[in-house]
Amino acid sequence: MLTNTIIKNANCIEHVLCNILRNMGLDYSMLFTDSWSIFVDKDTPLPLRDRLDIYHPGYYELFENLKGYYGVDKELYAWPDNYQELQALVDAHEYLCLRIKTAACPWLIAIEGMEEYHYLLVTGVDGSGLYGYDYSSVSMKKLSLENLEKGALEFLSFHKIQDKVNTQEYERDVNRKLREKAETHRLSENICLLAEELDDGAD
């Protein structure tokens, strides 16, 4: 049975990927090697929280890091034509993620500013609907068959393609990314700006 842990500040796809790695017994921190960029706007008269921007990796970077650092790849599956095919698909894959329209998730409808699509880590299915975890709660969510018909789009299955990853190779890659970010994103300068703001008791 999959376990679910809330990952602070993670969006829905990041939450799914982090929990897949956790359930595989792996540390998910290498997923975010592209996140080490911050920018502080020092000229705008607003609280620090409104002037601080922290880079979040996109889907492509997350999947690239998942494969490169963990040897875990994804496979896409179209939404099945009937319940029997749905059941067979869920039963066949240990790590399965559903992409669905946010408007079809009852617990998210009332939240403003949500993205158009949502990702859910699938745990099971029965005649009344599909079950899974997302970033909003440690408890399991249920999507009725009616909700699924309204907005289910596709499945992503995740599986190991490589047991051992070359540690030296990804250490070199991380160092390279850090050097690039230090040069192109004025990383040191922005870290100093952030430290000054915090020293001054910023909001």
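Visitor: Which residues is leucine 145 in contact with, leaving aside neighbours within four places in sequence?

Guide: Gly127, Ser128 and Gly129. Contact here means heavy atoms within 4.5 Å.

Visitor: What kind of model and numbering is this?

Guide: This is a predicted model, with residues numbered from 1 along each chain as its sequence is written. Local features need pLDDT of at least 70, and side-chain atom pairs count only at pLDDT 80 or more, while totals for chains, interfaces and linings use all residues; side-chain values use heavy atoms, with hydrogens and water left out.

Visitor: Back to leucine 145. Which element is it found in?

Guide: Helix α4, residues 145-151. Helices (H or I, at least four residues) and strands (E, at least two) are DSSP runs, numbered from the N terminus.

Visitor: How far apart in space are leucine 145 and aspartate 126?

Guide: 9.4 Å, C-alpha to C-alpha. In sequence they are 19 residues apart.

Visitor: Zoom out. How many helices and strands in the protein chain?

Guide: Six helices and eight strands. From the N terminus the order is α-β-β-α-β-α-β-β-β-β-α-β-α-α.

Visitor: And what share of the residues is buried?

Guide: 40% of the 203 residues. The chain exposes about 11,600 Å², and carbon and sulfur atoms supply 50% of that. These areas come from the Shrake-Rupley method with a 1.4 Å probe; for residues, only the protein chains shown count as cover.

Visitor: Now the sheet. What is the strand order?

Guide: β3-β8-β4-β5-β6-β7. The sheet is open, has six strands and pairs antiparallel. Two strands pair if DSSP finds at least two bridges between them.

Visitor: Which are the edge strands?

Guide: β3 and β7, each pairing on one side only. From one strand to the next, the twist averages 35 degrees. Axes are lines fitted to C-alpha atoms, for helices over the stretch in contact, and angles run from 0 to 180 degrees between N-to-C directions.

Visitor: Which helices sit on those strands?

Guide: Two to mention. α2 lies across β3, β5 and β8, at about 130 degrees to β3. α3 packs on the sheet, touching β3, β4, β5, β6 and β8. Its direction makes about 95 degrees with that of β5.

Visitor: How many bridges join β3 to β8?

Guide: Seven, running antiparallel. Lysine 74 stands opposite phenylalanine 158 there.

Visitor: What about β6? Mostly covered or mostly open?

Guide: Mostly covered. Five of the six residues in β6 (129-134) are buried. β6 pairs with β5 (residues 117-126) over five bridges, antiparallel. Leucine 121 stands opposite tyrosine 133, and glycine 124 is partnered by tyrosine 131.

Visitor: What joins β5 to β6?

Guide: A hairpin, through two residues. A hairpin through two residues also joins β6 to β7. β7 covers residues 137-144 and has five bridges to β6. Aspartate 134 has serine 137 as its bridge partner.

Visitor: Switching to rings. How many aromatic pairs?

Guide: Two. Rings of Phe, Tyr and Trp (its six-membered ring) pair if their centres lie within 6.5 Å; planes under 30 degrees apart count as stacked, over 60 as edge-to-face and the rest as tilted.

Visitor: Why is the phenylalanine 63 and phenylalanine 158 pair tilted?

Guide: Because the planes are at 35 degrees, with centres 6.2 Å apart. Phenylalanine 63 lies in α2 (59-70) and phenylalanine 158 in β8 (152-160), so the pair ties together parts 95 residues apart in sequence. Phenylalanine 63 is buried at 17% relative accessibility, and phenylalanine 158 is buried at 2%.

Visitor: Why is the tryptophan 79 and phenylalanine 155 pair stacked?

Guide: Because the planes are at 25 degrees; the centres are 5.3 Å apart. Tryptophan 79 lies in the loop between β3 (72-78) and α3 (83-92), and phenylalanine 155 in β8, so parts 76 residues apart are tied together. Tryptophan 79 is partly exposed at 24%, whereas phenylalanine 155 is buried at 0%.

Visitor: Last one. What lies over the face of tyrosine 117?

Guide: Arginine 99, at 4.6 Å from the ring centre. A charge sits over a ring if NZ of Lys or CZ of Arg is within 6 Å of the ring centre and within 35 degrees of the ring normal.

Methods
Buried means under 20% relative accessible area, exposed over 50%, partly exposed in between (1.4 Å probe, protein chains only).
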